[in-house]
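Keep the viewer open and follow along as you read.

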Amino acid sequence: MDTFGAGLVHDWSLEDEEIVTSTSPHPDNEDFDSLEKHFIPYDGKSTGFGRQEQSDFHEIDYLPSSDEESSSQVDEAHANGLLGDLIVGEDDELSTAESIEVNPFDGLPYSSMYYELLKKRQSLPIWKAKDDFVLAVDDSPIVLITGRAGSGKSTQVPQWCVQFARESNFGFGTVVCAQPHAQVAMSLAIQVAREMDLTEVGNEVGYKIPQTNCTNQDTVLQFCTDDVLLREMADDPLLHKYNFVVIDEVQERSISIDILLALFKVIQNSRDDLRIIIISQSYEMPKLEDFFEEVPIVDLHFLEEQITDGSENLKEEHRRAKAEAERLNKLEINYRPVETGSHLQEVVSLAVRLHCDPSAEGAFLVYLPTAEDIEEACEQITRDVAIESLRDGCEEVSVIAVHKKLGHGAQQAIYENIEKVDEESKKRRIIVSDEITESSFSTDYIRVVIDSGLKEEEVYNCRTRTRSRNLTWISRDSALARTDRCNIGGKIYRIYSEDVFTRMKDSTTPCIRRMELTTHVLLLKRLLQRLNMNFSHCHFIEPPAPEAYMLALEELDYHGALDENGNLSDLGAVMSEFPLTMPQTKAVIASCGEDCVQEVLSIIAMIVSPSWRLNPRGFEKEARGLHKALAHKYGGHFTLLNVYQQYINHKRSESWCSKNYINVNALKQAEKVRIDLLSVLEGLELPISEAVQDADILETSVKRALLAGFFMQVARDVDGCGNFLIIRDKHVARLEPTSLVDTKSDWVLYDEFLLSENSCISTVCGVRPFWIAEISPQSYLANLPQHEGKDYLLKLAAKWRKQAARQAAEPDADLNLHSQRRVQSTPKSLTTTHSEADQVGSHNSKAHPKSFQIERTKRTGGETSSEDPKSNDEVDDSDVLTQAARDMAFVYRKASDYVTNREAGADAQCIVQ
């Protein structure tokens with residue numbers, strides 16, 4: 001299933017020797033934000049973007065080439081044999097025409113810009129290895145490629161793969177190229193389309209990232225993120241759609257990349273026509289060579305560096321190390337440890353001082369650990385340079401912030417002409433970034449690199465079951481990668497001592513070894529089940545910690561995603577369709593039974609999007625006051641809902657967002673996420689209710705739905721002073737200092753807990769302990785560590801079971817959708833035909849079941865639950881799967897199979913079969 005609902009088509013055309021970029025919405029989604037392409041000279045990897053509203057356009061002038069120059073370029077291209085593989089026509093005479101070369105994809109003559117780009121492409125280091133690449137692809141189903149950033153690997157290799165696939169008229173499939181970051185995938189798609197002289201992005205060349213699908217049935221080269229490719233593989237484990245699969249930037253070692261590599265090793269012999277190309281930096285190659293045994297390697301380091309005689313006899317890793325050492329000797333490396341003050345202040349002062357130095361040349365690249373540091377540094381550099389320009393006539397500067405938390409639209413606008421250095425105005429560019437630019441967005445103009453040596457790393461502790469974000473030193477591999485961004489003859493400033501550099505870790509810890517794995521284990525279970533394999537067949541470069549894997553299985557068990565044999569259950573298969581974490585997915589599904597789908601979708605969309613709050617320097621107090629006015633008395637989750645609804649009510653006004661210091665890009669992304677989740681629900685044929693009007697019913701329904709997913713994220717105020725005990729792990733935390741709602745509830749549900757010196761919980765709302773006892777699996781409550789709150793919840797759970805048993809004994813007891821007991825068998829009266837099921841499953845639920853309204857009225861009073869009147873069998877509380885199913889409103893044997901109660905007539909409610 002395609003869970004990415006939006007589509008885009010990008011178009012540009014030649015008019016009077018100018019390149020005009022225009023946008024048009026994909027027919028599947030006419031309201032989707034438009035994207036504009038601002039083309040820039042090729043740098044081997046990076047490209048520029050702009051973002052404007054629909055119906056706008058942007059023009060970029062290019063110097064026209066004369067006919068003589070164009071003709072000479074064609075002749076030169078023929079002489080070098082560069083066009084032979086690209087010219088295909090129905091008539092042999094047309095393909096060998098002396099004056100006109102035709103693009104095989106659109107049938108139009110190549111433009112003069114195409115030949116200009118062709119000259120630049122053939123000067124890239126990767127072109128010297130094209131013959132080696134061709135031989136390697138013919139010889140092996142898996143090929144490894146390594147080379148320095150900026151050598152052209154990410155743009156040229158996918159195009160060569162398209163040439164191979166076109167030889168069979170794409171009969172064996174098309175080409176896909178996976179990237180770790182969405183911004184890079186978008187950038188490459190536009191640059192490659194330009195190099196292939198195509199007039200649109202979204203047709204022959206496109207990209208597919210979360211919340212954006214810019215491809216169609218004619219796409220032969222698709223750029224995507226590794227998460228998107230993994231989800232495609234979950235639907236089609238052998239990837240029959242593709243002939244070539246390119247995995248780029250493998251050194252990033254995301255969880256999805258490690259899983260994909262493990263799966264590729266499993267399926268490499270299952271398809272003779274599948275070719276897998278793996279691209280990585282040199283420091284990761286020894287591990288890849290050991291993992292993929294006896295596969296060819298295309299190493300560009302020997303083509304880029306002059307190696308001394310006798311190096312042919314050295315081992316591969318020794319030769320690469322020697323090439324790197326020779327390059328480092330051509331750079332000036334300075335160590336400047338911070339003695340007083342912070343790394344941020346030292347970086348800012350150094351950047352300003354170097355910029356004002358008349359001898360400094362080219363652009364600067366500055367590395368800082370967090371998005372907050374990057375934004376603050378940009379402000380300070382801009383301000384300090386402006387002061388220096390008034391005082392000493394310092395040149396102007398363009399400061400650019402680049403980090404992973406930027407919205408896609410903002411990132412595109414930032415990268416517009418990022419590598420151009422305006423020689424006439426002498427306006428220097430200072431790029432302030434996190435680790436995203438260690439291998440992406442290459443440029444030929446970097447002359448100074450300032451490296452703070454720090455990064456923010458998220459770590460999940462399996463023993464304490466806590467997540468933390470820590471500032472830590474980067475690895476030596478990352479330090480060398482940052483150094484490698486500087487051009488030969490440039491200067492490197494490391495804001496740490498040489499002793500710190502020698503004590504750094506050799507390499508960065510892979511994500512699969514330090515992050516929570518629940519969502520990825522769910523996908524892996526689904527994929528291996530389709531391959532009829534178990535986990536033992538899946539070998540990783542570095543396997544996950546056993547504790548992390550067992551904790552993931554335990555959480556899947558509690559949520560009912562596994563059956564009694566440990567395989568994926570029917571509910572687990574449904575949950576794997578959602579691109580969310582396990583608690584978020586469970587809350588969305590539970591909202592179908594609580595009849596509050598619209599509200600929960602908005603809340604979850606806001607949670608997974610960047611923060612909606614802006615706190616500009618100097619206006620913090622005013623911003624907090626405006627944010628406080630948007631807070632909701634029911635808690636943080638309802639505040640998110642209120643902000644989103646206010647945004648929609650104000651017709652998505654950017655001026656309203658600016659006035660209230662709201663991040664408009666975050667709300668735009670939340671809307672896209674919401675659209676995607678809604679499309680998933682519709683694809684699964686889950687019932688979608690209308691918005692809830694009654695405030696009391698809204699509070700009860702939303703909190704119960706959230707609790708169905710986040711029952712493992714509950715805390716209790718132990719002293720009445722705001723010290724909350726996390727009942728699952730007995731950690732103590734307080735509300736985050738920036739919280740807008742000061743909850744008075746003794747029991748709260750939270751979205752995130754970060755372990756630190758001042759541990760805090762965020763996005764909090766109060767819940768009733770009776771709901772926790774009713775909804776949480778009994779086995780989960782029984783396994784909690786011993787504390788007073790556990791005993792209290794177990795007593796409430798016993799009380800609830802007694803009430804449920806009494807209701808079950810009554811012959812006229814109402815069927816209760818929100819009963820958390822799983823019946824042993826389903827009475828015949830609860831079975832129905834598919835036509836009746838489809839009526840109940842219709843997502844346009846204008847008439848809600850009576851039982852929903854009766855149930856809500858009862859629940860707002862505090863205690864309600866009921867049992868199936870025709871089943872008096874006791875439930876085995878020791879059965880984890882049985883108890884995990886209690887907190888679900890619906891469970892589906894198949895995604896579209898529903899069972900209704902005939903006796904309820906037209907107002908029948910959905911029951912589990």
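Six strands make up an open sheet, in the order β15-β22-β19-β16-β18-β17, and their pairing is parallel. Strands here are DSSP runs of E with at least two residues, helices are runs of H or I with at least four, and both are numbered from the N terminus. Two strands count as paired if DSSP finds at least two bridges between them. Keep in mind that this is a predicted model: local features need pLDDT of at least 70, side-chain atom pairs count only at pLDDT 80 or more, and totals for chains, interfaces and linings use all residues. Residues are numbered from 1 along each chain as its sequence is written, and side-chain values use heavy atoms, with hydrogens and water left out.

- Angles run from 0 to 180 degrees between N-to-C directions, and axes are lines fitted to C-alpha atoms, for helices over the stretch in contact.
- Inside the sheet, β16 (residues 363-367) pairs with β19 (residues 446-451) in the parallel sense, over five bridges. A363 has I446 in β19 as its bridge partner.
- Helix α13 packs on this sheet and touches β17 and β18 (428-433), with its direction at about 175° to that of β17. Contact means heavy atoms within 4.5 Å.
- Helix α15 (residues 476-483) lies across β15, β16, β19 and β22 (491-494), and runs at about 145° to β22.

**Helices that pack together**
- α13 (residues 371-392) also packs with α12 (residues 343-355), at an angle of about 35° and with the axes 10 Å apart.
- The residues in the contact of α12 with α13 split into seven nonpolar, three polar and four charged. For this count, Ala, Val, Leu, Ile, Met, Phe, Trp, Tyr, Cys and Pro are nonpolar, Asp, Glu, Lys and Arg are charged, and the others, Gly among them, are polar.
- Over at α7 (residues 226-235) and α17 (residues 518-530), the packing angle is about 35° and the axes are 8 Å apart. That crossing is left-handed.
- The α7 side of the contact includes L230 and M233, while the α17 side includes L523 and L527. The contact residues divide into five nonpolar, one polar and five charged.

**Strand β27 and its partners**
- Six of the seven residues of β27 (residues 760-766) are buried (under 20% relative accessible area; exposed is over 50% and partly exposed in between, with a 1.4 Å probe and protein chains only). So β27 is largely enclosed by the rest of the structure.
- β26 (residues 747-754) runs antiparallel to β27, with six bridges joining them, and Y750 stands opposite V764.
- β26 and β27 form a hairpin, with five residues between them.
- β25 (residues 732-735) pairs with β27 in the parallel sense over two bridges; R734 has C760 as its bridge partner.

**A look at T219**
- T219 sits in the loop between β10 (212-214) and β11 (221-225).
- Why is T219 counted as buried? Because its relative accessibility is 9%.
- The T219 side chain reaches the backbone oxygen of N203 at 2.6 Å, and a polar atom of that side chain lies 3.0 Å from the backbone nitrogen of N216.

Conventions
A crossing is left-handed if the near helix is turned anticlockwise from the far one by less than a right angle, and right-handed if clockwise. A polar contact is a pair of N or O atoms within 3.5 Å; within protein, one must be able to donate a hydrogen and the other to accept it, and residues adjacent in sequence count only if both atoms are side-chain atoms.
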